Amino acid sequence: MTDIARAAGCSQATVSFVLNNTPGIRLSQQTRERVIEAARGLGYAPPAFSALRGPVASLEGLDGVIGFAVDQLATSPEAVVAIEGARQASWNAGNVVLVAQTLGDSVMEPRAIAALTKRGISALIYMTIFTREIVAPDYLYGLDIPVILLNCYTADYAFPAVVPSEIAGGQSSTRHLISHGHRRIATITGEPWMQAAQDRLKGYRRALATADIPFDAELVVEGDWSASAGYAATVKLLALKDRPTAIFCQNDRTAIGCYEALKEAGLHIPGDISVIGYDDEEIARHLFPPLTTSILPHMAMGQWAIEQLEVPAPPGRGRYPITKLECPLVERESVSAVAPARSSGPATG
C-alpha cells in the first residue's frame, strides 16, 4: 500500500480506504480511480476488485473460518504483516481469519486455541514471532484440523512450516556489497541467541568465503537489534586502525544508529562508507539516503500458510519439509562502489 500511495500521490490511509472499500469514508471518485489505477499498474489484486472477478468460493474442505494464533502481536509489526498476508489470501477465497495472541503462556495458550476451535475454525496457523525450532504442544497434535506453522518448525516435521531464508538473505546482502568492490565489510549482529542473528551471520561468512575474502573477527560487532546498539557498534568500528568501507547492519533499526554515528563522524553515506540493512521496515525508505535492505517475507509467509490448506495431506502421520522463503534485496541509495581513496583511522567531525 505504501508503493501504491507513492504512485497515486496520496496517503497510505487513503489507499487502505479505497482498496478495502471502507464504508462511511468520503473520497472523490477521481481519487478512488487514481488509487485503483495505480494498484492495477503495480499488479495488485486486492479483495476490493472481487466484483470484477465474479463471486469467490471457499477453499476446498474449509467452512470459511481460519484460526491464527501468535505468541506476540501487540509489540510486533512482523506478526501484523503475516496476519495481513493470511487475510488477503483468505478473503480472496471467501474465508475470514480469527486471531488470538497467546504470549506462549502454558495455561492460556491452550485455552485460546480451544476458544478458536469452538468457533468452528477449519484450520489453524500457529506463529512465533522469533524464528526458531519449537516443541509443539500436545494439543496441536490432537487437533482434527490442518495445522500450519509460521516462522517456526518442529524437529519431527509433523506440520507444514515456513520460515525466512535467513542464511541466503545474509549472503545476498554481503554479496551485494562485494559486487560494489567492497572487501573490508563489517557487520553488526543481533542478539546471538536468536536464530535469525546466527543465520544472517552464517550468510555473511559464506559470502566472504565464496569471494575469497578472509574473515576478520574484529569486523563483527554484537548488537541487540536496537538503534543505540547500532550507534555504539559503528563508533567501535570507526575506531579501528583500518576501518571498514561498508557495514552490513543485520536489521534496519541498527542501521538507524549506524547512520547517526557515521554522520556525527563527518562521513558521507555511501561516498565514504556504504550501509545495508535488513527487514525493510517503513523507516528504511525515509532515511537519508534511503536504505538498501532486505524484505523479511512475513506477508508472503502468511499467504503461503493459507495456500498450504489446499495441498492434500500425506497419508498417515506424514513428514513435511520446512519451506524457506527468499528475503529479496531492495536496492536503494545507501550502497555505492568503494571510494578510490580514503583516510584510515577514526574521522573527526
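Modeller: The largest nonpolar core has 36 residues, and the ones with the most contacts inside it are Leu177, Leu237, Ile247, Cys249, Leu262, Val275 and Leu291. Keep in mind that this is a predicted model.

Biologist: OK, which elements supply at least two residues of this core each?

Modeller: On the helix side, α8, α9 (195-210), α10 (227-238) and α11 (252-264) each supply at least two.

Biologist: What about the second core, how many residues does that have?

Modeller: That one is separate and has 22 residues, among them Ala82, Ala86, Ala123 and Ile125.

Biologist: Let's zoom out. How many helices and strands are in the protein chain?

Modeller: There are 12 helices and 12 strands. The chain has 349 residues, and 49% of them count as buried. Looking at contacts with a separation of 6 or more, 72% come from residues 24 or more positions apart.

Biologist: Now the sheets. In what order do the strands of the open 4-stranded sheet sit?

Modeller: The order is β7-β6-β8-β9, with parallel pairing. β7 (220-222) and β9 are at the edges with a single partner strand each, so one side of each has no neighbour in the sheet. Ignoring direction, neighbouring strands here are turned by 15 degrees against each other on average.

Biologist: Zoom in on the β6 and β8 pair for me. How many bridges join them?

Modeller: 4 bridges join β6 (residues 185-189) and β8 (residues 246-249), and the two run parallel. One spot to look at is isoleucine 185, which stands opposite alanine 246 in β8.

Biologist: Which strands of that sheet does helix α8 touch?

Modeller: Helix α8 (residues 166-179) packs on the sheet and touches β6, β8 and β9. The direction of α8 makes about 165 degrees with that of β8.

Biologist: What about α10 and α11, at what angle do their axes cross?

Modeller: They cross at roughly 45 degrees, and the axes come within 6 Å. That makes α10 and α11 oblique to each other, and α10 passes α11 in a right-handed crossing.

Biologist: Which residues make the contact?

Modeller: From α10, there are Ala227, Gly230, Tyr231, Thr234, Val235 and Leu238. On the α11 side, the contact residues include Arg253, Ile256, Gly257, Ala261 and Leu262.

Biologist: Switching topic: what's strand β3 paired with?

Modeller: β3 runs parallel to β1 (residues 65-70), with 4 bridges joining the two. β3 also pairs with β4 (residues 147-153) in the parallel sense, over 6 bridges. For landmarks, glycine 67 stands opposite leucine 124 in β3, and arginine 132 stands opposite cysteine 152 in β4.

Biologist: How many of the residues in β3 are buried?

Modeller: In β3 (residues 124-133), 7 of the 10 residues are buried, so to speak mostly covered.

Biologist: A few single residues now. Is alanine 305 buried or exposed?

Modeller: Alanine 305 is buried, with a relative accessible area of 0%. That residue lies in helix α12 (residues 298-307). Leaving aside neighbours within four places in sequence, alanine 305 is in contact with Ile125, Ile148 and Leu150. Alanine 305 and isoleucine 125 are 180 residues apart in sequence and 7.0 Å apart in space, C-alpha to C-alpha.

Biologist: And alanine 155, buried or exposed?

Modeller: Alanine 155 counts as exposed because its relative accessibility is 52%, and the cut-off for exposed is over 50%. The residue's place is in the loop between β4 and β5 (161-164). Apart from neighbours within four places in sequence, alanine 155 is in contact with Glu133 and Ile134.

Biologist: Last one: where is aspartate 279?

Modeller: Aspartate 279 is in the loop between β9 (274-276) and β10 (293-294). Aspartate 279 is buried, at 13% relative accessible area. Not counting residues up to four places away in sequence, aspartate 279 touches Arg200, Asn251, Asp252, Thr293, Ser294, Ile295 and Leu296.

Key
Residues numbered from 1 in each chain as written. Predicted model: local features only at pLDDT ≥ 70, side-chain atom pairs only at ≥ 80, totals over all residues. Heavy atoms only, no water. Buried < 20%, exposed > 50% of the residue type's maximum accessible area, 1.4 Å probe, protein only. Pairing = 2+ DSSP bridges. Contact = heavy atoms within 4.5 Å. Axes fitted to C-alpha atoms, helices over the stretch in contact; angles between N-to-C directions. Core = buried A, V, L, I, M, F, W, Y, C linked by side-chain atoms within 4.5 Å. Parallel < 35°, antiparallel > 145°, perpendicular 65-115°, else oblique. Left-handed = near helix turned anticlockwise from the far one by under 90°.
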